Amino acid sequence: MVKLHWEKIFVAGYEEVFHVTCPEEGFSAALAIHTMFDGRSLGGTRVIHYEDFDQALRDALRLSRAMTYKSVMAGGAFGGAKSVVMLGPGQRVTERLLEVFAQAVNELEGRYICAEDSGLTLDHMALLRKYTPHVVGVVSEDSSGNPSRFTAWTTFLGVRAACEALYESTSIRGKKVAIQGLGAVGMLFADLLFWHGADLIVTDLREEALKKAVLDFDATVVLPDEIYDIECDIFAPCALGGVLSKETIPRLKADIVCGCANNQLLEKEDAQLLHERDILYVPDYIANSGGLINVNLEKVLARYSAKVAREETDEVFERLREVFFLARKEKISPAEAADHIVEERIFNLTSA
Ligand code: NAD
């Protein structure tokens, strides 16, 4: 055990926000609990380089709020949270760093449950589980395993729901899908699209991922920056956040945007830009909610069941129908419609 220093930061609208440090271990983390349901919250752990603590804190605040929206929309049992561990120059994720982080999680006594996010692998999650029970999405008999396939599935359902809303058919046969990012989720999503008859145009920074897509899907490869200009039916951001902006949106030549990346809109107003261009945007926190729905069940069911997870993730299709219906009725963007639904539910929850 090490001595952790907890600095509480008061942020309006957030339950608890901390800067947790342990200088002798090179450990510095921002931990934001946006909401708690029954005293508990859930959210991924990002372990990456940040320029300074302010940048890390901004990320934790933004992402924990988004987790609340995702959880409420998905009918999750936990409030939204996020933790961000800062890596110093040249610092890598080690078991010792994970042990110190796990101690911080344990000191919150179950108020925060962590899950995989950027910078962490499934092996890291297994190590974390050695040191804290407050972790989900671990590949082991008593856990729900890799959440990526559930995330890929709901992203795929997002494409189908958007096709139904726009073309009056869920079929994606012959549709051109431009995928930005072929990582854990993107590759599985590409696989689903392939088997349903889509033509794929792909980009990634990793050569081996591109080679695999060419071999497995006959995909067309483009350079990372070219993906925004591709003539296609669906543009799928599956790599980074903030990729939909006033710079990139005018370049898009797609009818639909649907991908798994978190926080795709650089600014909230960018949803309106898509709307004005008649591009149907599938709100990211619904498209990518499969992973959350799956890990949520790990703590909700007495024994995790993949079949129950499949049934619950399938509900994303109906959820999107509801969002598109409201958006059309109110003449607002789907992002705004989704936020309305969530905010009404939060209001009902807090005023009950
Ligand atoms: P990942 O790290 O496995 O994959 C990301 C891929 O994007 C990598 O192959 C990387 O090389 C590529 N990439 C990075 N920058 C790029 C760029 N500029 N252009 C093209 N490709 C680029 O991550 P993942 O688990 O597949 O998650 C992808 C996104 O989905 C992330 O935003 C993540 O937060 C979000 N997400 C993932 C899950 C999940 O279950 N894994 C759940 C919800 C949301």
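## A tour of the second largest pocket

Welcome to this predicted model. Start by colouring domain 1 (5–71 + 78–131) and domain 2 (148–288 + 318–345), since each of them gives at least three residues to the lining of the second largest pocket.

Next, bring up the pocket itself, which holds about 650 Å³ of space. Its lining counts 23 residues, and to find the centre, select Arg65, Asn263, Leu265, Glu267 and Lys268, the closest to that point. If you then colour the lining by residue class, you will see nine nonpolar, six polar and eight charged residues.

Now switch to a cartoon view. Which helices each supply at least two residues of the lining? Select helix 1, helix 7 (270–276), helix 8 (284–287) and helix 12 to show them. Helix 1 makes the greatest contribution, with four residues.

Keep helix 1 (residues 53–73) and helix 12 (residues 334–351) on screen: their axes come within 9 Å and cross at roughly 80 degrees.

To look at the contact between them, show side chains on both helices:

- On helix 1, pick Thr68, Tyr69, Val72 and Met73.
- On helix 12, pick Ala338, Asp339, Ile341, Val342, Glu343, Arg345 and Ile346.

Finally, colour this contact by class: seven of its residues are nonpolar, one is polar and three are charged.

Terms used:
Residues are numbered from 1 along each chain as its sequence is written. This is a predicted model: local features need pLDDT of at least 70, side-chain atom pairs count only at pLDDT 80 or more; totals for chains, interfaces and linings use all residues. Side-chain values use heavy atoms; hydrogens and water are left out. Axes are lines fitted to C-alpha atoms, for helices over the stretch in contact, and angles run from 0 to 180 degrees between N-to-C directions. Contact means heavy atoms within 4.5 Å. Ala, Val, Leu, Ile, Met, Phe, Trp, Tyr, Cys and Pro count as nonpolar, Asp, Glu, Lys and Arg as charged, and the others, Gly among them, as polar. On a 1 Å grid over the protein atoms alone, a cavity is a set of points where a 1.4 Å probe fits but cannot get out, and a pocket is an open set with protein on both sides within 12 Å along at least five of seven lines; lining residues have an atom within 4 Å of a point. Grid points are joined across faces, edges and corners, and a volume is the space filled by probe spheres set on the points. Domain bounds come from an automatic or database domain assignment.
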